[in-house]
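Work through the exercises below with the model open beside you. Try each task before you read its solution.

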Amino acid sequence: MKENIIAHTYQVSRKERVVSNNHNSFLLWFTGLSGSGKSTIANLVEKELFDMRIKTYSLDGDNIRKGINNDLTFAPKDRTENIRRIAEISNLMIDAGLVVLAAFVSPYKKDRQNIRTIVKDVNFVEVYINTSVEECERRDVKGLYKKARAGEIKNMTGISAPYEAPDQPDIEIKTEIESIEDSVKRIVDFIKPKLQLTHE
């Protein structure tokens, strides 16, 4: 079947879309434990970008796991497939000229490396929301840690499944010592140069 798939040449290119939008497109990938603050910070970063008239879209467990990936479990193999699909969706959105903000635990280094491969390294910004499992468990916003401790949730990252922290993230946010406001500002300041169009 694959040999019958022939790429179509479209009339509008990514370059034309980003010029029309007046900003570059790329992926901001927020990784960290459940309850670390990924979605909260990503949401606030998106609001700042939206106010700057940047065209954005956010991806997280709510709009991915309930829809396109509702057939996947939290077993390691399915976690890898979950991240692969999100990377491919992000790649399409980058092509559409958007700044994509994706907030996912994404516990495995190999999966995050695969994202870089899919979207290309130049289009990937890794944001590590570094919050200790003790603090995440103290917050337990969704009650997941309590359920995991009770044995009701299997493969809970940080409890019964590993989290492989990034070695060299583009940005590391330590939520236990940094305010949300400072964290958001630091991320926005970091990506501002990346948003600028370079005129050839």
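**Exercise 1. How many residues of β1 are buried?**

Solution. Start with the ground rules. This is a predicted model, in which local features need pLDDT of at least 70, side-chain atom pairs count only at pLDDT 80 or more, and totals for chains, interfaces and linings use all residues. Residues are numbered from 1 along each chain as its sequence is written, and side-chain values use heavy atoms, with hydrogens and water left out.

Next, the terms. Buried means under 20% relative accessible area, exposed over 50%, and partly exposed in between (1.4 Å probe, protein chains only). Helices (H or I, at least four residues) and strands (E, at least two) are DSSP runs, numbered from the N terminus.

Now count. Six of the six residues of β1 are buried, so the strand is mostly covered. Take the two faces in turn. F26, L28 and F30 are buried on one side. L27, W29 and T31 are buried on the other.

**Exercise 2. Find the order of the strands in the open sheet.**

Solution. Two strands pair if DSSP finds at least two bridges between them. Five strands form the open sheet, in the order β2-β3-β1-β4-β5, with parallel pairing. The edges are β2 and β5, each of which pairs on one side only. On average, neighbouring strands are turned by 20° against each other, direction ignored. The angles rest on axes, which are lines fitted to C-alpha atoms, for helices over the stretch in contact; they run from 0 to 180 degrees between N-to-C directions.

Contact here means heavy atoms within 4.5 Å.

**Exercise 3. Which residues does L28 contact beyond its neighbours within four places in sequence?**

Solution. First place L28: it belongs to strand β1. With 0% relative accessibility, L28 counts as buried. Its contacts beyond those neighbours are V45, V100, L101, A102, V125, V127, I187 and I191. Check one of them. L28 and A102 are 74 residues apart in sequence, yet their C-alpha atoms are 6.2 Å apart.

**Exercise 4. Which way do the buried residues of α5 face?**

Solution. List them first. In helix α5 (residues 109-119), the buried residues are D111, R112, I115, R116, I118 and V119. Viewed down the axis, they fall within an arc of 165°, so they line one face of the helix. The arc is that of the directions from the helix axis to the C-beta atoms.

Now look at the surroundings. Cover for the buried residues of α5 includes β1 (26-31), α4 (76-95) and β4 (124-130). The face turned away carries the exposed residues K110 and T117. Just after α5, K120 takes a positive phi of about 80°.

**Exercise 5. How many aromatic pairs does a search of the whole structure find?**

Solution. Rings of Phe, Tyr and Trp (its six-membered ring) pair if their centres lie within 6.5 Å; planes under 30 degrees apart count as stacked, over 60 as edge-to-face and the rest as tilted. The search finds two pairs. In one of them, Y128 and Y163 have ring centres 6.2 Å apart and planes at 25°, so the pair is stacked. Y128 lies in β4 and Y163 in the loop between α7 (144-149) and β5 (171-174), so the pair ties together parts 35 residues apart in sequence. Y128 is buried at 10% relative accessibility. Y163 is buried too, at 19%.
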